[in-house]
Amino acid sequence: MLTKGYIATSVEEICTAAGVTKGSFFHYFKSKEDLGKVLLEKFSQKQEGAFKEACGAIEDPLERVYCLIHCMIEGAKDPDMKGCLVGTFAQEIYETHPELRQVCQCSFERFIHGISKDLIEAKALHAPEKEFDAEGLGSFFISLAQGSMLLVKATQDRGAMVTSLEHLRAYIQSLYGR
């Protein structure tokens, strides 16, 4: 589904790839949409866990943000990186599958909340006198990351995402003065 999308991936393809029968599939999932929900949750948990493992022990919230950007840049350079399942689903199913769209929304909101928390703490610590919306910067962060992944898919140029994330880092550095 990450490669072909939700709609273009059939239950038959899923069963073949997993080496299970359709009967087995429907024993565990009522529908392809139920599988989609589980996949979105597992994907989000895996991403959150990877970021927490890489950056969670860093005490300075601004350094955690920079670590996250670094992780995303390294991920963008990985030729096996196919994008974000949440972004792929959200783009494809937002009008046709409201329950899946809701799972995507919740995943994005968790990311935005986490990054915004660090950006707000970093503002209090490093730039208390500056006037900017640290919380809104969290939404900007995810928007830039998701948009960059679309550019990678459209252009087949991983450098597009790397460049965008480097610009994001430079912008954040200019806001926080470090």
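**Figure 1. Overview of the predicted, helical model.** The secondary structure of the protein amounts to eight helices and zero strands. Read along the sequence, the elements follow the pattern α-α-α-α-α-α-α-α. The C-alpha trace spans about 60 × 30 × 30 Å along its principal axes.

**Figure 2. Packing of helix α5 against helix α6.** Helix α5 comprises residues 85–93 and helix α6 comprises residues 98–126. The two helices pack at an angle of about 140°, and their axes lie 9 Å apart. Angles over 145 degrees would count as roughly antiparallel; α5 and α6 are therefore oblique to each other. The crossing in which α5 passes α6 is left-handed. On the α5 side, the contact involves Val86, Gly87, Phe89, Ala90 and Ile93. These residues meet Leu100, Arg101, Cys104, Ser107 and Phe108 of α6. By class, the contact of α5 with α6 contains seven nonpolar, two polar and one charged residues.

**Figure 3. Packing of helix α3 against helix α4.** Helix α3 covers residues 32–55, and helix α4 covers residues 61–77. Between α3 and α4 the packing angle is about 125°, with the axes 9 Å apart. This angle makes α3 oblique to α4. Helix α3 passes α4 in a right-handed crossing. Phe51, Ala54 and Cys55 are the α3 residues of this contact. Their partners in α4 are Arg64, Cys67, Leu68, Cys71 and Met72. The contact of α3 with α4 divides into seven nonpolar residues, no polar residues and one charged residue.

**Figure 4. The largest pocket and its lining.** The space in the largest pocket amounts to about 1100 Å³. A total of 39 residues line this pocket, and Gln47, Glu48, Phe51, Leu68 and Phe111 lie nearest its centre. Helices α3, α4, α6 and α7 (134–155) are the elements that give two or more residues to the lining. By class, the lining of the largest pocket holds 20 nonpolar, nine polar and ten charged residues.

Figure 5. About 200 Å³ of space is contained in the second largest pocket. Its lining consists of Met1, Leu2, Thr3, Lys4, Thr9, Glu13, Ile14, Leu35 and Leu39. Helix α1 (11–18) and helix α3 each contribute at least two residues to this lining. The lining residues of the second largest pocket comprise five nonpolar, two polar and two charged residues.

Methods:
Residues are numbered from 1 along each chain as its sequence is written. This is a predicted model: local features need pLDDT of at least 70, side-chain atom pairs count only at pLDDT 80 or more; totals for chains, interfaces and linings use all residues. Side-chain values use heavy atoms; hydrogens and water are left out. Axes are lines fitted to C-alpha atoms, for helices over the stretch in contact, and angles run from 0 to 180 degrees between N-to-C directions. Helices (H or I, at least four residues) and strands (E, at least two) are DSSP runs, numbered from the N terminus. Angles under 35 degrees count as roughly parallel, over 145 as roughly antiparallel, 65 to 115 as roughly perpendicular and the rest as oblique. A crossing is left-handed if the near helix is turned anticlockwise from the far one by less than a right angle, and right-handed if clockwise. Contact means heavy atoms within 4.5 Å. Ala, Val, Leu, Ile, Met, Phe, Trp, Tyr, Cys and Pro count as nonpolar, Asp, Glu, Lys and Arg as charged, and the others, Gly among them, as polar. On a 1 Å grid over the protein atoms alone, a cavity is a set of points where a 1.4 Å probe fits but cannot get out, and a pocket is an open set with protein on both sides within 12 Å along at least five of seven lines; lining residues have an atom within 4 Å of a point. Grid points are joined across faces, edges and corners, and a volume is the space filled by probe spheres set on the points.
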